[in-house]
Amino acid sequence: MPAFPQKFNSTVSHWQQTNRGPTSLWNHGRDAPLPTEVVDYVIIGAGATGASLAYHLSRPGGAAEGKSIVIVDAKDVASCASGRNGGHVPAQTWQMMTPFMAPLEEGGAGLTAEEVVDVILFEQDNLALVESIVQKERIDADFKKAPRFEVLINPESAAENARLHRLFTSTVERMPKHRGRSLPVKIISNPAEAKKVSRVNNALAVNLTQAGSWHPHRGVTALMRLALESKVSDVKFFSWTPVAGFTEQTDGTVSVDCGARGTLTARNLIIGTSAYSHHLLPELENVLTGYRLQAGLVTPPATYAGAQALKGTYAIEEGSYLIQTPTSGLVFGPYASVANSRGLATPKEMYGVEDDSLTTAPWRSWLSTYCPKTFGGWGPEVPGEGLTKVWSGIICHSVDHIPLVGPLPGRKGVFMAAGYSGQGMALIVNITRGLAHQLKTCQWDDETMPRCFEITQARLERAKRALQPRDYPVGGLSFTAPTVNDEARL
Ligand SMILES: Cc1cc2nc3c(=O)[nH]c(=O)nc-3n(C[C@H](O)[C@H](O)[C@H](O)COP(=O)(O)OP(=O)(O)OC[C@H]3O[C@@H](n4cnc5c(N)ncnc54)[C@H](O)[C@@H]3O)c2cc1C
């Protein structure tokens with residue numbers, strides 16, 4: 001059953017609210033006729049995945065040089081997760097070693113230490129790539145590279161931190177392709193210093209690394225606009241064009257059913273539909289699952305404004321992801337495991353949900369009290385300060401926690417990139433660079449793209465046997481291991 005048109009009206013995020021001017025792409029191509037000739041690359045989905053892939057494909061020397069690209073979306077550019085996230089362009093640390101190395105049957109990713117290192121360094125490369133594209137293309141999306149405060153508040157996590165760091169560095173040194181690489185980091189293990197540096201009341205240790213933040217709606221819109229303005233590819237985008245399904249034809253093309261809007265014929269079809277992918281690809285049922293998170297915008301009191309503003313992005317264990325925007329305050333929200341363990345929603349109420357039209361009282365209450373409780377010396381909020389906006393969004397969780405990238409087994413000419421499990425901004429620009437390269441060379445010859453992202457039949461079958469998110473114990477140890485794990489992701 002197709003997910004679109006949806007029966008509800010989505011909430012509007014801070015980012016979607018503040019990008020309505022003439023440079024945005026609302027309603028782009030909404031009433032234009034779809035092309036009737038065969039298109040070289042049809043991309044379904046105009047979130048970060050679709051926009052960034054179109055950007056990479058349409059660069060000089062890219063796979064689509066001299067060729068055509070059509071992007072269709074059921075709604076507008078960045079209307080789903082890409083326009084409703086935390087704005088954090090993170091890059092994870094060795095804290096991911098524990099949950100990613102935990103067996104699949106226990107809710108982990110079942111990766112080797114080497115595979116986890118591949119993923120962590122790939123995210124570092126993603127951050128550098130986002131920064132370089134923003135600079136090269138002069139993208140006006142408030143991108144800022146800043147310190148990332150990974151704040152540990154759990155005594156076990158703080159105690160494990162040094163061991164995991166050693167495991168990470170020794171694994172890097174064992175791997176010839178990564179030898180010599182490291183993360184920019186300062187580890188603060190003295191609780192008093194951790195508290196002072198982070199300003200988080202119950203901090204026990206801090207890993208001070210680097211991350212980025214940006215206005216994701218403006219960033220994704222800019223990538224789409226750069227693709228549309230390509231001088232070497234013919235790129236078209238049609239908003240409000242829901243795809244009901246597709247059929248692989250005997251002549252090697254793929255016929256894409258856009259309902260009342262018409263039919264597209266593609267030489268290559270790339271699916272960037274994130275949490276909604278299983279509607280088009282039934283084989284991904286129980287491999288990719290959508291879940292709803294809620295996020296908010298807080299206007300801080302003067303104690304956290306001006307020279308006193310937070311100096312970086314945050315990943316606070318058993319708490320929140322958080323960024324400091326240049327002028328609007330803080331954007332943040334609880335991690336899925338926090339939402340479950342604090343009773344904001346049970347896994348059954350969160351997983352499988354595709355409705356982003358509402359926010360709920362427990363989340364609003366958590367969001368309105370989190371900053372005063374967490375940050376030292378926050379002080380009283382006068383009217384107009386504190387929580388000013390709340391929205392919801394749907395994340396695409398991959399049951400083995402890592403993305404699915406590349407050709408779909410058993411299909412011809414059909415590719416995808418999805419399943420970032422809440423890490424999209426940390427991965428997408430680099431993943432779509434790699435996918436665009438694959439579409440050119442027709443092989444997995446990019447050494448930097450983690451091979452564990454590949455979609456194989458064996459992986460799909462294994463993933464279906466994995467612990468399903470709805471069955472994660474609430475606040476339990478499998479998905480919510482007693483380390484920062486998924487909580488430090490965003
Ligand atoms: C509240 C929240 C906070 C988050 N915070 C962060 C963060 O701080 N950092 C981070 O790294 N990640 C974060 N994420 C995750 C991140 O936003 C996602 O991983 C990322 O945006 C996924 O991008 P996407 O393009 O694959 O999917 P989406 O942005 O969801 O785009 C998918 C697109 O496909 C379209 N579509 C679906 N089905 C069809 C169809 N049948 N026909 C046509 N179009 C279709 C949809 O309309 C949509 O536009 C957060 C997510 C949420 C919800």
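1. Arg-199 is found in the loop between α6 (191–198) and β6 (205–213). Look at its backbone: Arg-199 has a positive phi of about 70 degrees, although it is not a glycine. Most residues other than glycine have a negative phi, and most peptide bonds are trans. Keep in mind as you read on that this is a predicted model.

2. Where is the cis peptide bond involving Pro-5? The bond runs from Phe-4 to Pro-5, and its omega is near -5 degrees. Pro-5 itself sits in the segment before α1.

3. Now zoom out to the domains. The protein chain is split into domain 1 (14–83 + 217–287 + 401–469) and domain 2 (143–214 + 289–396 + 472–488). The C-alpha centres of domain 1 and domain 2 are 29 Å apart.

4. How much area is buried between domain 1 and domain 2? The answer is about 2,000 Å², and carbon and sulfur atoms give 60% of that. On the domain 1 side, His-14, Trp-15 and Pro-469 are the ones to click on: they supply 33% of the area that domain 1 buries against domain 2, more than any other three residues. The size of an interface is often given this way, as the accessible area lost when the parts come together.

5. Here is who touches whom. In total, 22 residues of domain 1 are in contact with 21 residues of domain 2. Between the two domains there are three residue pairs in polar contact (both at pLDDT 80 or more), while the count of salt bridges between them is zero.

6. Which elements give two or more residues to the side of domain 1 that touches domain 2? They are α1 (14–17), α7 (216–228) and α8 (277–280). The largest share, three residues, comes from α1. By class, this side of domain 1 has ten nonpolar, eleven polar and one charged residues.

7. Salt bridges do turn up elsewhere: the count for the model comes to 20. One of them joins Glu-114 and Arg-174, with the closest N and O atoms 2.9 Å apart. Glu-114 lies in helix α4 (residues 113–137) and Arg-174 in helix α5 (residues 155–174), so this pair ties together parts that are 60 residues apart in sequence.

8. Last, the rings. There are twelve aromatic pairs, including Tyr-321 with Tyr-335, which is edge-to-face at 5.7 Å centre to centre and 65 degrees between the planes. Tyr-321 lies in strand β13 (residues 320–324), and Tyr-335 is in the loop between β14 (330–334) and α9 (336–341), so the pair links parts that are 14 residues apart in sequence.

Terms used. Residues numbered from 1 in each chain as written. Predicted model: local features only at pLDDT ≥ 70, side-chain atom pairs only at ≥ 80, totals over all residues. Heavy atoms only, no water. Domains from an automatic or database assignment. Contact = heavy atoms within 4.5 Å. Buried area = accessible area lost by both parts, 1.4 Å probe. Salt bridge = Lys/Arg side-chain N within 4 Å of Asp/Glu carboxyl O. Polar contact = N/O pair within 3.5 Å; in protein donor to acceptor, adjacent residues only side chain to side chain. Helix = DSSP H or I, 4+ residues; strand = E, 2+ residues; numbered from the N terminus. Nonpolar A, V, L, I, M, F, W, Y, C, P; charged D, E, K, R; others polar. Phe/Tyr/Trp six-rings, centres within 6.5 Å; stacked < 30°, edge-to-face > 60°.
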